[in-house]
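Welcome, and please open the sequence and the 3D view side by side. Let us walk through this structure together, one part at a time.

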Amino acid sequence: MAYKETKRIVPGAKTAVLFIHGICGTPDHFRSVLPLEDLVPADCSVYNLLLVGHGGTAVDFGRSSMEKWKRQVWQTFENLIKTHQKVILVGHSMGTLFSIQLAVSHPDRVAALFLLGVPLRVRLRLFGIRNFIRFGFRKLDEQDPVQKSLKMASGITPTKKLWQYLPWIPRMLELFGQMCETGKLLPALSVPTVAFQSQRDEVVSLRSGERLEACRNVCVKTLVGSTHFYYPPEEARQMQQQILRLLDQY
């Protein structure tokens, strides 16, 4: 499956919306898993990133790095603020960490944050581990909405050659480093932020939401039926309505 990023720069637009997916993710997270991209008004610019090393094979991912991802995100943001007054950042998982870091470093240019599954603390659940193993061996049941969403959200083509996953270990360690770094920045976060945390999240601990709630400008909403990748229709509509309010306000 070919994954493509969206780049729609509207001449004269004051605001741009930058979507940043998570590790092993894809821009389709904001199109198919949780449709948000199409909600951006026509008079706003849109950039839905495909991070380097994503959208390809396990080998492609292993050859990438956190440094490359951060450089790509920062360069895209800097290009957007050259031609726009403000940028709204929409992030999922690892993308939320980059969003918080950008908001702290550029509070005058980031209008607001819309965050999904902020990973400040990790808690692996058994059903999540089982599904990740099924994904790796291409055994996901697409009749199961949770497993189907995992497949749709993944930007890496799975392989049965297990040794190809070994270079992923440094990437995951780099992610933990970013989690720690971002957690230290939370007291400096001054940008209006809405964060949705999933009660059934298979990888993110609910303690992440508790840390966010301690921040003055962060509104945390807990999704009872959602996981890290799956959002029941009612909760998906709730998030879509929230981002529409955010776009209308900022």
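What follows is a tour of the sheet, then of a helix pair, and finally of the cysteines.

Please keep in mind that this is a predicted model, where local features need pLDDT of at least 70 and side-chain atom pairs count only at pLDDT 80 or more, while totals for chains, interfaces and linings use all residues. Residues are numbered from 1 along each chain as its sequence is written, and side-chain values use heavy atoms, with hydrogens and water left out.

Let us begin with the sheet. Seven strands form an open sheet in the order E1-E3-E2-E5-E6-E8-E9, and their pairing is mixed. Strands (E, at least two residues) and helices (H or I, at least four residues) are DSSP runs, numbered from the N terminus, and two strands pair if DSSP finds at least two bridges between them. In general, strands of a sheet pair through backbone hydrogen bonds, either parallel or antiparallel. At the edges sit strand E1 (6–8) and strand E9 (218–223), each of which pairs on one side only. From one strand to the next, the twist averages 15°.

Now follow some of the pairings across the sheet. Strand E2 (residues 15–20) runs parallel to strand E3 (residues 45–48), with four bridges between them; valine 17 has valine 46 in E3 as its bridge partner. Further along, E5 and E6 are parallel and joined by six bridges, and here histidine 92 is partnered by leucine 116 in E6.

Strand E8 (residues 193–198) is largely enclosed by the rest of the structure, because six of its six residues are buried. Thr193, Ala195 and Gln197 point one way from E8, while Val194, Phe196 and Ser198 point the other way.

Next, turn to the helices. Helix H2 (residues 66–83) packs against helix H6 (residues 168–185) at an angle of about 55°, and their axes are 10 Å apart. Axes are lines fitted to C-alpha atoms, for helices over the stretch in contact, and angles run from 0 to 180 degrees between N-to-C directions. H2 and H6 are therefore oblique to each other; angles under 35 degrees count as roughly parallel, over 145 as roughly antiparallel, 65 to 115 as roughly perpendicular and the rest as oblique. On the H2 side, Met66, Trp69 and Lys70 meet Arg171, Glu174, Leu175, Gln178 and Glu181 of H6, where contact means heavy atoms within 4.5 Å.

How many disulfides does the structure hold? There are zero disulfides, a disulfide being a pair of cysteine sulfur atoms within 2.5 Å. For cysteine 180, the nearest cysteine sulfur is that of cysteine 215, 16 Å away. Cysteine 180 is exposed, with a relative accessible area of 52%. Cysteine 219 is also in no disulfide, and the nearest cysteine sulfur, again that of cysteine 215, is 12 Å away. With 35% relative accessibility, cysteine 219 counts as partly exposed.

Technical notes: Buried means under 20% relative accessible area, exposed over 50%, partly exposed in between (1.4 Å probe, protein chains only).
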